[in-house]
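Please examine the model below, with attention to its helix packing and its backbone geometry.

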Amino acid sequence: MSDSLRTVVLIEDDPGVQLAAAQALQIGGFQVLPCDSAEQAQALLKPDFPGVVVCDVRLPGKDGLTLLRELHRADPDLPVTLVTGHGDVAMAVEAMREGAWDFIEKPFASERLIDVTRRAAIQRQLVLENRRLKAALSGALLGTGRLIGTSPAMERIRTLVANLGPTGVDVLIEGETGAGKEVVAQALHEASGASGPFVAINCGALPETVFESEIFGAEPGAYTGATKRRIGKLEHARDGTVFLDEIESMPLALQVKLLRVLQERSFERLGGNALLPLQARVIAATKVDLKALSDRGGFRADLYYRLNVATLALPPLRERREDIPLLLTHFAELAGLRFRRPVPRWSAAQMAAWQARDWPGNVRELRHLADRWVLGLEDTAADAPGSDGALPTPDDGLATAPRAGLEVQLEAFERGLIESALRSSQGSVSAAAQALDLPRKTLSDRIRRLGLDAESFRLS
């Protein structure tokens, strides 16, 4: 259990009782934050507080039961142990009905206080870890997960997203198919703090006949079958972000209208006359060289230069192979949760084969591999480059390390990442697991396999 989860907010107005209880909890290995009133304690107790509460019921000002109700409105899972006076059975019953973790009757033994608090702290740890895993899984499945990777290329992308996100400037994202352009667009949307929705439009999937009404909306009678007003994507994305994927597929006639929208920050519904303000950020993405395409007349040059104010060039996976172990671990953990299957371990040779691939489908292809791996459908030897199904060698035209040193290098890479995370978290396995985006049990297993001692990083 990390140090933060051993924190106890102790609320007791009797100095003698407070001192005795604090000393008992400290002997039990807890860090104690003593408070004389509920009002003083509330300043410390924010949602997701990584600790537990021990509170006397009878306090000056706000009593313990009132504090319990208020804390549980903000965080229903926060363990609050209430201390009641001798013979106050009715109060104890009411406390349990209100959701108290437990109650202790005065006078109480130190062992009783420590035991109740320790069980509450363990429960708090489980709740917070479960919340983190659910949030990570939900975000990743929706495409809004973290930009994963430790390569210099991904560090640059994260920096640009952090810098450009709050500005609201329109952005052009360049990258190959499956490189993660929509994930970056959603990261920009989240970094902006926008209150509106993220609205994605695949320009290559919309027929030209409905493109204009989809983007700009339409008034009744604008075309055959238009019997009522249609709200377009630009209008629906009010106070949010419009993501135009595969913008190179947008018809030239509509490129003129989009250019005017971006310049004037207003548009008209199809068949309408009223100007509507554009109250959304526009992020466009392309898998081709738009400059070369515009030079050939396949894309309007004026629109290209209008979009090219802020550009993010997303590197293909083959140019950041060092990110593959972390990405594959992340996707495999998600697949294990989704399919309710254990995540099999891979060998150094298997990882070397995966890192040697060219990955034409980029991160999307890697995620599909993780799904197949968890489902037992991935045959690494058969899928790896090379005509004989063996691991690639320099003779195959791939710049791979000698096979004899691969396992050592990969283990050293993994060891370095884990040691860095443990050092940053001062030996807290839970915090290190969160930084590495791994379940705590998975990280604990790897720490044991590598022979590391998390405790030793508390002093480093």
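The model is predicted. Two packed helices are described by the angle between their axes and the distance between the axes. Helix H13 spans residues 324-339 and helix H14 residues 348-356; their axes come within 10 Å and cross at roughly 110°. Because angles of 65 to 115 degrees count as roughly perpendicular, H13 is described as roughly perpendicular to H14. On the H13 side, the contact is made by Ile324, Pro325 and Leu328, which meet Met351, Trp354 and Gln355 of H14. By class, this contact of H13 with H14 comprises five nonpolar residues and one polar residue, with no charged residues.

The loop between H13 and H14 contains arginine 340. Arginine 340 is not a glycine, yet its phi is positive, at about 55°. With a relative accessibility of 78%, arginine 340 counts as exposed.

Most residues other than glycine have a negative phi, and most peptide bonds are trans. Aspartate 239 is another non-glycine residue with a positive phi, here of about 65°. Aspartate 239 is located in the loop that runs between helix H9 (233-236) and strand E8 (241-245). Its relative accessible area is 38%, so aspartate 239 is classed as partly exposed.

The remaining point concerns a peptide bond. Lysine 106 and proline 107 are joined by a cis peptide bond, with omega at about -10°. Proline 107 belongs to the loop between strand E5 (102-105) and helix H5 (110-141).

Key. Residues numbered from 1 in each chain as written. Predicted model: local features only at pLDDT ≥ 70, side-chain atom pairs only at ≥ 80, totals over all residues. Heavy atoms only, no water. Axes fitted to C-alpha atoms, helices over the stretch in contact; angles between N-to-C directions. Helix = DSSP H or I, 4+ residues; strand = E, 2+ residues; numbered from the N terminus. Parallel < 35°, antiparallel > 145°, perpendicular 65-115°, else oblique. Contact = heavy atoms within 4.5 Å. Nonpolar A, V, L, I, M, F, W, Y, C, P; charged D, E, K, R; others polar. Buried < 20%, exposed > 50% of the residue type's maximum accessible area, 1.4 Å probe, protein only.
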